[in-house]
Amino acid sequence: VRSPAWAAIGKVDVPTDPKAFRFRVLWKGDEIGHHNVTITPTAAGDGMTVMTNIRMKVKVGPFTAFRFEHDSTEAWRNGLLQSLVSKTHDDGDDLALHGEATATGFKAVGPKGAFSASADVLTTNCMWLPELVDEKKIIDVQKGQLVSLESKPLGEEHVVVKGKDRPAERHSIRTPFVGGSLWYDLAGNWVRSRLEIKGETLEYSLV
């Protein structure tokens, strides 16, 4: 179901007004950081800039046991990804990715070198987009490579969003690096995540 606040252009809908998704990230019940997405439509209304900011840190006493930081900027036009720049710090490893649309598809360079994707490719940072669960191949923006995606619908559930009960469609997802579930309300808004990464479970709570 599409909200009237979104204007369909190409494969990806563009919001008519800026949108933001801000989540607290919980691990074993403790808040360890945030995952924020800001979507800004262009003045012409045919594109948008999507910025993702993730910060997570686990401390054991005075020591930092785990730290993850990610920043990316995606430019979209006519429903297609036009450019992508990201930097990731994954518990000691610094990873970078940049790519742009070409006449023959989307071309990118990540930590393991250059790779190509289809012109209508989505990225792992597109969790805000319900159509993500229909994809078979996506760009893992944090690892900097093209990966497979498996997903299946798990039916409607009721989730608590900002203290209020809301029906939402749940989908399982799995790539070589992450698994879990995504929830979208009946208007297509991303309202919850449960992600399994490196044997740990992270819960996303919408702020």
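Predicted model: local features only at pLDDT ≥ 70, side-chain atom pairs only at ≥ 80, totals over all residues.

Colleague: How do you know that the radius of gyration agrees with a compact globule?

Modeller: A compact globule with 207 residues would have a radius of gyration near 17 Å, and the protein has 17 Å, so the value agrees.

Colleague: Why is the pair of Phe23 and Tyr204 called tilted?

Modeller: In general, you describe two aromatic rings by the distance of the centres and the angle of the planes. There are four aromatic pairs here. Phe23 and Tyr204 are 5.7 Å apart centre to centre, with 50 degrees between the planes. The distance is within the 6.5 Å limit, and the angle is neither under 30 degrees (stacked) nor over 60 (edge-to-face), so tilted is what remains.

Colleague: What makes that pair a tie between parts apart in sequence?

Modeller: Phe23 sits in strand E3 (residues 19-27) and Tyr204 in strand E18 (residues 200-206), so the pair ties together parts that are 181 residues apart in sequence.

Colleague: Are Phe23 and Tyr204 buried or exposed?

Modeller: The cut-off for buried is under 20% relative accessible area. Phe23 has 1%, so Phe23 counts as buried. Tyr204 has 5%, so Tyr204 is buried as well.

Colleague: How do you know what to call the pair of Trp190 and Tyr204?

Modeller: Their ring centres are 6.3 Å apart and the planes are at 40 degrees, so this pair is tilted. Trp190 is in strand E17 (residues 190-197) and Tyr204 in strand E18, 14 residues apart, and the pair links distant parts of the chain. Trp190 has a relative accessible area of 1%, so Trp190 is buried. Ring pairs join Phe21, Phe23, Trp190 and Tyr204 into a cluster.

Colleague: What makes the phi of Asp91 worth a look?

Modeller: Most residues other than glycine have a negative phi. Asp91 is not a glycine, yet its phi is positive, at about 50 degrees. You'll find Asp91 in the loop between strand E7 (80-90) and strand E8 (93-102).

Colleague: Why is Asp91 called partly exposed?

Modeller: Its relative accessibility is 41%, which lies between the 20% and 50% cut-offs, so Asp91 counts as partly exposed.

Colleague: And where is Lys198, and how do you know whether it is buried or exposed?

Modeller: Lys198 is in the loop between E17 and E18. Its phi is positive too, near 55 degrees. Exposed means over 50%, and Lys198 has a relative accessible area of 58%, so Lys198 is exposed.

Colleague: Last one: which residues does Trp27 touch, neighbours within four places in sequence aside?

Modeller: Trp27, which lies in strand E3, is in contact with Ile32, Val58, Glu200, Thr201 and Leu202. Trp27 and Ile139, by contrast, are 112 residues apart along the chain, with their C-alpha atoms separated by 25 Å.

Definitions and conventions:
Residues numbered from 1 in each chain as written. Heavy atoms only, no water. Rg over C-alpha atoms; globule rule 2.2 N^0.38 Å. Phe/Tyr/Trp six-rings, centres within 6.5 Å; stacked < 30°, edge-to-face > 60°. Helix = DSSP H or I, 4+ residues; strand = E, 2+ residues; numbered from the N terminus. Buried < 20%, exposed > 50% of the residue type's maximum accessible area, 1.4 Å probe, protein only. Contact = heavy atoms within 4.5 Å.
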